[in-house]
Amino acid sequence: MVTLADVARHAGVSASTVSYVLSGKRSISASTRERIQRSIDELGYRPHAGARALASSRTNILALMMPLRTDLHLPVMLEIAMAVTTTARAHGYDVLLLTGEEGPEAVRRVEGSAIADAMIVMDVGLDDPRLAQLKRAERPAVLIGLPGDTAGLDCVDLDFEAAGARCVDHLADMGHTQIAVLGEPPAVYARGTGFAERTVTGLRAAARERDTGLLHRPVEGTYAAVSATLGRIFEERPTTSALVVQNEAAVEPLLAVLRQQGRAVPEDVSVVAICPDQVALHASVPLTAVGVPAQEMGRLAVERLVARLGGQAPSGPLLIAPELTVRESSGSRRGHGGR
């Protein structure tokens, strides 16, 4: 095994100089740093993680808090996690994945044990119980999600409020005056999950502005639940001519129920989704959709966190503008008698 002393002999410097280069504790000339780095690369030296942490008070580990809940679409969560991991590696960090639903206790554990240099927090609620602890923590944090109070916090997310409004505007522009929304499972709203609540806010605001009727119905992603919910929607408002779905698990059950009912998409009913592009593209009818930029969200969160570790102050919320891609599932309203 190659040691620090081996690197020092190969580079023609003292072991302490190599240590200073690795820890960054002292300023070393660029030429000496380059010579030491060449020796590290040629010899294949890998610093011992524990010794490096003791020397620099850094672990080079980022903690990713990603509670694994059954009511959230796991592929999206994992896509964000993969983007976090690959971006972190590009900046020289490893990622510690914390999947429990521990709330503030998870923050206290990371802070108290010094197992990570910083935290990325997912599944953020409007009134998230972790916020107070995060604001007091010495280690920086970035949220993938937007709480109700963003003061003193770094946050990255899709602008879900604007995404909801964009869906309504698209359908209203094509003459639809009655829109129904199939939302996330009820438990997601019961927790006050930020992205779901903000989408509803955007949908309702745009519907008021466009004088468009709007129903919002939370739904589990099963065929039975979607079928029952859709039946109630058309019973309550038979002139409904457009559906917005923000529930990846409900996409295929929804399209299957519409086929069973003899409702063609988009000739009888237009469907617009808020979902990742791969879900929209691979649906049985390619969906007009506002994409969820999971990879961009993960990348931006890490980049902000690296900047914070470099001494930058919190930058506040960063909301990604929604992009709606028109595909085969939406069209002009036909054959409906209005409200």
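**Charges, fold and aromatic contacts**

A: In this predicted model, the mean positions of the 35 positive and 39 negative charges of the chain are 5 Å apart; Lys and Arg count as positive, Asp and Glu as negative, and His and the chain ends are not counted, with each charge placed at NZ of Lys, CZ of Arg, CG of Asp or CD of Glu. Local features need pLDDT of at least 70 and side-chain atom pairs pLDDT 80 or more, whereas totals for chains, interfaces and linings use all residues. Residues are numbered from 1 along each chain as its sequence is written, and side-chain values use heavy atoms, leaving out hydrogens and water.

The chain contains 14 helices and twelve strands (DSSP runs numbered from the N terminus: H or I of at least four residues, E of at least two). Of its 339 residues, 50% are buried (under 20% relative accessible area, 1.4 Å probe, protein chains only).

A search of the whole structure finds one aromatic pair. Phe-160 and Phe-195 form this pair, which is tilted, at 5.5 Å centre to centre with 50° between the planes (ring centres of Phe, Tyr or the six-membered ring of Trp within 6.5 Å; under 30 degrees is stacked, over 60 edge-to-face, the rest tilted). Because Phe-160 lies in helix H8 (residues 160-173) and Phe-195 in helix H10 (residues 194-209), the pair ties together parts that are 35 residues apart in sequence. Phe-160 is buried, with a relative accessible area of 5%; Phe-195 is also buried, at 19%.

Another ring contact involves a charge: the charged end of Arg-263 sits over the ring of Phe-234, 3.7 Å from its centre (NZ of Lys or CZ of Arg within 6 Å of the ring centre and within 35 degrees of the ring normal).
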